[in-house]
Amino acid sequence: MTLKERLFLASQYAAPHHLVSRAMGRFADCRAPEVKNWMISRFVKRYQVDMREALVEDPLAYGSFNEFFTRALKPDARPLDQAPGAVLSPADGAISQLGPIEHGRIFQAKGHSYGLNELLGGDAARAEPFMGGDFATIYLSPRDYHRVHMPVAGTLREMVHVPGRLFSVNPLTAGHVPALFARNERVVCIFDTGHGPMALVLVGAMIVASVETVWAGLVTPHKRQVRTTRYDEAARGPIHLAKGAEMGRFLLGSTVIVLFGRDRIRWLDTPSVRGPIRMGETLAQPADQVPSHGLDTLPAL
């Protein structure tokens, strides 16, 4: 590890995560042209953002950096894979890990793992349907499209906001910060689907100002306690989302973790671990449609 990497990791433990993120959030939401245009221009140049995919191609036409960052794409920019039963990637990004949930643990990187129960907010009953199931972790880099979509059609059962730290979630921290994804602030969304229960976990990170969902709007930041909202109660009414429909977005980027129960899906050989993937591409198929020799049988890297 280089000295620069060591200093970066040390700063992650010492930094006032929430203070830094709140300050960044105020800048990102600033609508003063001289501020937002400067931020957007530098970002586009540094990360070589392809604005040709955006519904509004002029980056300076957005009212704030946040509006630019969560920009909509043209309708044909992310076609959905039409293969029968396909489980789609919920986001643009890189597949950092995927595989089985073994003994209630999810592999993170370089010998690190974290507890399924802890990831989902500490409720054993919530975690039980996913014991022995499968997970995929997708890392969204700054240049990626930052809206999150449904891998399959589903009905929202509950949403859980879990407070925590805001470590960066890049490959360096994933390889060196123990239980990273179960320590960071996150929003857990549980859906009932044709493939059984599915969880989408939107993990916050350093300078991620907030997470939004299409049904609740701004979810974070919040008080320092786990907050659960049930959506299968008669008073609230069911919320159905189609496959490929937007379900949330990051105001500055982070990580999405997808969970399914035992013997429900199998990851395909097509996307490689640590490989790029786009929203709408096939991530998995129903277990009864794919031979059991895919990536879920490979040893974790």
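1. UniProt positions are given in the numbering used here, feature names are shortened, and annotations may be inferred rather than shown by experiment. Ser254 is found in the loop between strand 14 (246–251) and strand 15 (255–260). Helices (H or I, at least four residues) and strands (E, at least two) are DSSP runs, numbered from the N terminus. Ser254 counts as buried because its relative accessibility is 0%; buried means under 20% relative accessible area, exposed over 50%, and partly exposed in between (1.4 Å probe, protein chains only).

2. A word on what you're looking at. This is a predicted model, where local features need pLDDT of at least 70 and side-chain atom pairs count only at pLDDT 80 or more, while totals for chains, interfaces and linings use all residues. Residues are numbered from 1 along each chain as its sequence is written, and side-chain values use heavy atoms, with hydrogens and water left out.

3. Now the whole protein. There are eight helices and 18 strands, and buried residues make up 54% of the 301 residues. Take contacts (heavy atoms within 4.5 Å) between residues at least 6 apart in sequence: 76% of these join residues at least 24 apart.

4. Which residues does the "active site" annotation cover? According to the unreviewed UniProt entry, they are Asp92, His149 and Ser254. These residues span 163 residues in sequence, yet no two of their C-alpha atoms are more than 14.5 Å apart, so they gather at one spot.

5. Asp92 lies in the loop between strand 1 and strand 2 (93–100), and at 4% relative accessibility it counts as buried. Not counting residues up to four places away in sequence, Asp92 touches several residues, among them Arg78, Tyr145 and Met279. His149 is in strand 6 (residues 147–149) and is buried too, at 8% relative accessibility. Leaving aside neighbours within four places in sequence, the contacts of His149 include Pro90, Leu200, Glu246 and Met279.

6. You'll find Arg78 in the loop between helix 4 (65–69) and strand 1 (87–88). Is Arg78 buried or exposed? It counts as buried, at 9% relative accessibility. Its side chain makes a polar contact with the side chain of Asp92 at 2.6 Å, and one of 3.1 Å joins the side chains of Arg78 and Glu53. (A polar contact is a pair of N or O atoms within 3.5 Å; within protein, one must be able to donate a hydrogen and the other to accept it, and residues adjacent in sequence count only if both atoms are side-chain atoms.)

7. On to helix 3 (residues 33–47). This helix has 15 residues and reaches 21 Å from its first C-alpha to its last, close to the 21 Å expected at 1.5 Å a residue; the expected span is 1.5 Å times one less than the number of residues. Its buried residues are Lys36, Met39, Ile40, Phe43 and Val44. Seen down the helix axis, the buried residues of helix 3 fall within an arc of 125°, so they line one face; the arc is that of the directions from the helix axis to the C-beta atoms. The face turned away from that buried side carries the exposed residues Glu34, Trp38, Arg42, Lys45 and Arg46.

8. Last, the aromatic rings. Rings of Phe, Tyr and Trp (its six-membered ring) pair if their centres lie within 6.5 Å; planes under 30 degrees apart count as stacked, over 60 as edge-to-face and the rest as tilted. By this rule the count comes to nine aromatic pairs. Phe43 and Phe65 form an edge-to-face pair, with 5.3 Å centre to centre and 75° between the planes. That pair links helix 3, which holds Phe43, to helix 4, which holds Phe65, 22 residues apart. Phe43 and Phe65 are both buried. Ring pairs also link Phe43, Tyr47, Tyr62, Phe65, Phe68 and Phe69 into a cluster.
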